[in-house]
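Work through the exercises below with the model open beside you. Try each task before reading its solution.

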Amino acid sequence: MEIAALVTLVNDWGSRPREVGHREQPEADPEERQVAIDIADRLYAVFADDDAVGRATAVTAMLAETGVRPELTVAADALTASWYVPREPDVLLASAALALRDHLAAKPERLGVCHDRHCADVYVDASPAGHRRFCSLTCQNRSRVASFRKRKRRAAR
Ligand SMILES: [Zn+2]
């Protein structure tokens, strides 16, 4: 799973991003829906956790729980490095946990939850400086306008 797809999964299905952003869940049958919500909420917790140990523990627990393991397989006569997940329903969690593992090992600080008051979407920080605090320019601008107005109100008193 690409890290961008993981971000979309968490923002589409996670309870907190939907609640704060006032968004409906995507269409799905009830059973699949609950699985997607549960996984998204667990992944969300990793984005929301500022502590490196907490993040590492959560991702490691997901990997252990799914029993995902590296394999060498042959596909179309070519040897391929792949992953094996014993139980089909665990494939989504396993691939999300692997994506988080790779991302956090390479760029530990480069993910988070949007700082805007009206948004709880998660993001991956790909900016050169690595100081991103918002999920999008929309949220960044809204937040800037809000704090500008706040300062202005304070100054007017
Ligand atoms: Zn946002």
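The expected span of a helix is 1.5 Å times one less than its number of residues. The model used here is predicted.

**Exercise 1. Compare the span of H5 with the expected value.**

Solution. Step one is to count: H5 has 16 residues. Step two is to take the distance from its first C-alpha to its last, which is 23 Å. Step three is to compare this with the expected span, 22 Å at 1.5 Å a residue; the two values are close.

Helix H4, residues 52-66, can be treated in the same way. This helix has 15 residues and an expected span of 21 Å, and its end C-alpha atoms are 22 Å apart, which is again close.

**Exercise 2. Describe the chain as a whole: how many helices and strands are there, and in what pattern do they follow one another?**

Solution. Start with the elements: the protein chain has six helices and four strands. Along the sequence their pattern is α-α-α-α-β-β-α-β-β-α. Next take the extent of the C-alpha trace, which spans about 70 × 40 × 30 Å along its principal axes. Then look at burial: 24% of the 157 residues count as buried. Last come the contacts. Among those with a separation of 6 or more, 52% are between residues 24 or more positions apart.

**Exercise 3. Which residues of H4 are buried, and where do they sit around the axis?**

Solution. First list the buried residues of H4: Arg-55, Val-59, Met-62 and Thr-66. They lie on the same side of H4, because they cover an arc of only 55° around the axis. Next, look at what covers these residues; this includes H3 and helix H5 (91-106). Now turn to the face pointing away from the buried side, where the exposed residues Val-53, Thr-60, Ala-61 and Ala-64 are found.

Take Thr-60 as a check. Thr-60 counts as exposed because 12 C-beta neighbours lie inside 10 Å, and the cut-off for exposed is 12 or fewer. The C-alpha atom of Thr-60 is 14 Å from that of Asp-49, which is eleven residues away along the chain. To finish with H4, note that Gly-67, just after the helix, has a positive phi of about 70°.

**Exercise 4. Which residues of H5 are buried, and what do they pack against?**

Solution. The buried residues of H5 are Leu-93, Ala-94, Ala-96, Ala-97, Leu-98, Ala-99 and Leu-100. The elements they pack against are helix H1 (3-13), H3, H4 and E2.

**Exercise 5. Describe how H3 packs with H5 and with H1.**

Solution. Two packed helices are described by the angle between their axes and the distance between the axes.

For H3 and H5, the axes come within 11 Å and cross at roughly 15°. H3 is therefore roughly parallel to H5, since angles under 35 degrees count as roughly parallel. Their crossing is right-handed. The residues that meet are Ile-39, Leu-43 and Val-46 from H3, and Leu-92, Leu-93, Ala-96 and Leu-100 from H5.

For H1 and H3, the angle is about 115° and the axes are 8 Å apart. H1 is therefore roughly perpendicular to H3. This crossing is left-handed. From H1, Leu-6, Leu-9, Val-10 and Trp-13 take part; they meet Ala-36, Ile-37, Ala-40, Leu-43, Tyr-44 and Phe-47 in H3.

**Exercise 6. Describe the phi angle, location and exposure of His-22 and Ala-76.**

Solution. Most residues other than glycine have a negative phi. His-22 is not a glycine, yet its phi is positive, about 55°. His-22 lies in the loop between helix H2 (15-21) and helix H3 (30-48). It is exposed because it has 8 C-beta neighbours inside 10 Å.

Ala-76 has a positive phi near 50°. Its place is in the loop between strand E1 (69-75) and strand E2 (78-84). Ala-76 is exposed, with 5 other C-beta atoms within 10 Å.

**Exercise 7. Where is Arg-132, and which residues does it contact beyond four places in sequence?**

Solution. Arg-132 lies in the loop between strand E4 (122-124) and helix H6 (137-156). With 18 other C-beta atoms within 10 Å, Arg-132 is partly exposed. Leaving aside neighbours within four places in sequence, Arg-132 is in contact with Tyr-123, Asp-125 and Ser-127. The C-alpha atoms of Arg-132 and His-115 are 9.5 Å apart, and the two residues are 17 residues apart in sequence.

Definitions and conventions
Residues numbered from 1 in each chain as written. Predicted model: local features only at pLDDT ≥ 70, side-chain atom pairs only at ≥ 80, totals over all residues. Helix = DSSP H or I, 4+ residues; strand = E, 2+ residues; numbered from the N terminus. Buried ≥ 20, exposed ≤ 12 C-beta atoms within 10 Å, placed from the backbone. Arc of directions from axis to C-beta. Contact = placed C-beta atoms within 7 Å. Axes fitted to C-alpha atoms, helices over the stretch in contact; angles between N-to-C directions. Parallel < 35°, antiparallel > 145°, perpendicular 65-115°, else oblique. Left-handed = near helix turned anticlockwise from the far one by under 90°.
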